[in-house]
Amino acid sequence: MAPAAPKSGDVIFASVDRVNAELFTLTYGAIVRQLITDLEEVEEVNKQLDQMGYNIGVRLVDEFLAKSSVSRCVDFRETADVIAKVGFKMFLGVTASITNWDAEGTTCSLILEDNPLVDFVELPDTCQGLHYCNILSGVVRGALEMVSMKTEVTWVRDMLRGDDVFELQVKLLKQVPEEYPYKDDE
Amino acid sequence: MAAIYSLYIINKSGGLIFYKDYGSAGRMDTNDSLRLASLWHSMHAISQQLSPISGCFGIELLQADTFDLHCFQSLTGTKFFVVCEPGTPHMENLLKHIYELYTDYVLKNPFYEMEMPIRCELFDISLAQAVQKERVSLLGR
């Protein structure tokens with residue numbers, strides 16, 4: 001039986017129930033504001049957003065795999081491509097582009113020109129160290145960890161800090177395939 | 001006539017997180033089902049090493065005289081397998097559908113702890129509907 005062809009991000013995005021984008025932006029904004037009030041330190045807020053994103057990512061990846069029917073990626077280039085074209089499109093409705101591949105093919109940058117999380121947002125002077133969209137870095141890290149890839153995801157460019165686009169650097173640290181406790185010499 | 005005998009879901013470490021049986025034959029108690037799940041997890045792993053072809057991802061179908069066992073492993077390591085009557089069609093599609101139900105009703109439940117036994121009523125309900133639909137379509141042939 002032939003496997004189902006992988007679906008494109010647009011098709012899946014169109015087929016799921018959608019919510020008002022402003023509700024999404026407002027909800028996220030409320031979360032960040034509350035975290036700032038509770039934690040006070042900008043670095044703590046960044047960490048917490050990343051952790052929240054991680055918890056979302058570990059659950060989101062199965063949804064992504066189930067709905068998009070993508071097959072196993074051959075290398076990290078394909079993985080990054082799938083995240084940018086299908087993943088981001090499916091969940092955020094925006095397509096990211098991939099650039100800045102390093103020589104070994106283990107580090108790349110995801111460029112987001114449009115980001116629904118930051119509609120109407122301006123960072124005040126008191127929050128200059130804040131990575132407002134840090135939840136996204138956690139989501140990517142969490143999702144990739146569930147498919148055996150340990151990664152480091154950091155923001156390189158941030159539109160809220162004056163840059164022209166959002167640039168997320170994804171670095172593959174190592175592949176950790178499932179270890180089975182069967183040793184050949186036992 | 002139950003074409004589907006039972007359904008198991010195993011987490012990535014081999015622990016049974018969901019077990020449902022639909023037939024009266026071969027009904028097992030909790031310990032037996034846990035043992036069977038770990039057995040299957042091990043066999044699935046060993047089969048990847050035994051395979052003469054590289055790039056094997058494990059057993060997808062086991063055919064015996066009195067039952068068929070269809071197994072689907074997600075890329076995240078969670079295994080879904082169903083024991084059914086020999087020759088039951090569409091089991092792979094059913095497993096994919098159950099995977100989708102899992103991602104919706106189990107993973108999106110914020111109170112569900114990852115890798116723990118599934119105790120989500122909504123999942124049970126939609127699973128029952130999916131299996132019932134499958135049963136009806138099988139009878140209709």
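Q: What makes K150(A) and E145(A) a salt bridge?
A: The closest N and O atoms of K150(A) and E145(A) are 3.8 Å apart. A salt bridge is a side-chain nitrogen of Lys or Arg within 4 Å of a carboxyl oxygen of Asp or Glu, so this pair qualifies. By this rule the count over all chains comes to 12 salt bridges.

Q: What should I keep in mind about where these values come from?
A: This is a predicted model, in which local features need pLDDT of at least 70 and side-chain atom pairs count only at pLDDT 80 or more, while totals for chains, interfaces and linings use all residues. Residues are numbered from 1 along each chain as its sequence is written, chains are lettered from A and ligands numbered from 1 in the order in which they are written, and side-chain values use heavy atoms, with hydrogens and water left out.

Q: Why is K150(A) called partly exposed?
A: Its relative accessible area is 33%. Buried means under 20%, exposed over 50% and partly exposed in between (1.4 Å probe, protein chains only), so K150(A) belongs to the in-between class.

Q: Which residues form salt bridges with R157(A), and how do you know?
A: D164(A) is one, with the closest N and O atoms 3.0 Å apart, and E167(A) is another, at 2.7 Å. The second pair links distant parts of the chain: E167(A) sits in strand β4 (residues 166–175) of chain A and R157(A) in strand β3 (residues 149–157) of chain A, 10 residues apart. Strands here are DSSP runs of E with at least two residues, and helices are runs of H or I with at least four, numbered from the N terminus.

Q: Are E167(A) and D164(A) buried or exposed?
A: E167(A) has a relative accessible area of 5%, so it is buried. D164(A) reaches 54%, so it is exposed. R157(A), at 26%, is partly exposed.

Q: What makes T107(A) buried, and what does it touch?
A: T107(A), in strand β2 (residues 107–112) of chain A, has a relative accessible area of 11%, so it is called buried. Leaving aside residues up to four places away in sequence, T107(A) touches N100(A), W101(A), D102(A), Q169(A), V170(A) and K171(A), where contact means heavy atoms within 4.5 Å.

Q: How do you know that K108(B) and E63(A) form a salt bridge?
A: Their closest N and O atoms are 2.5 Å apart. The count between chain A and chain B is two salt bridges. E63(A), K67(A), D104(B) and K108(B) are linked in a network of salt bridges.

Q: How many residues does each chain bring to the contact?
A: Chain A brings 17 residues and chain B brings 25.

Q: Why is strand β2 (residues 16–21) of chain B described as largely enclosed?
A: Five of its six residues are buried, so the rest of the structure largely encloses this strand.

Q: What makes β1(B) and β2(B) a pair?
A: Strand β1 (residues 4–10) of chain B and β2(B) share five bridges in the antiparallel sense. Two strands pair if DSSP finds at least two bridges between them, so these strands qualify. L7(B) stands opposite K20(B) in β2(B).
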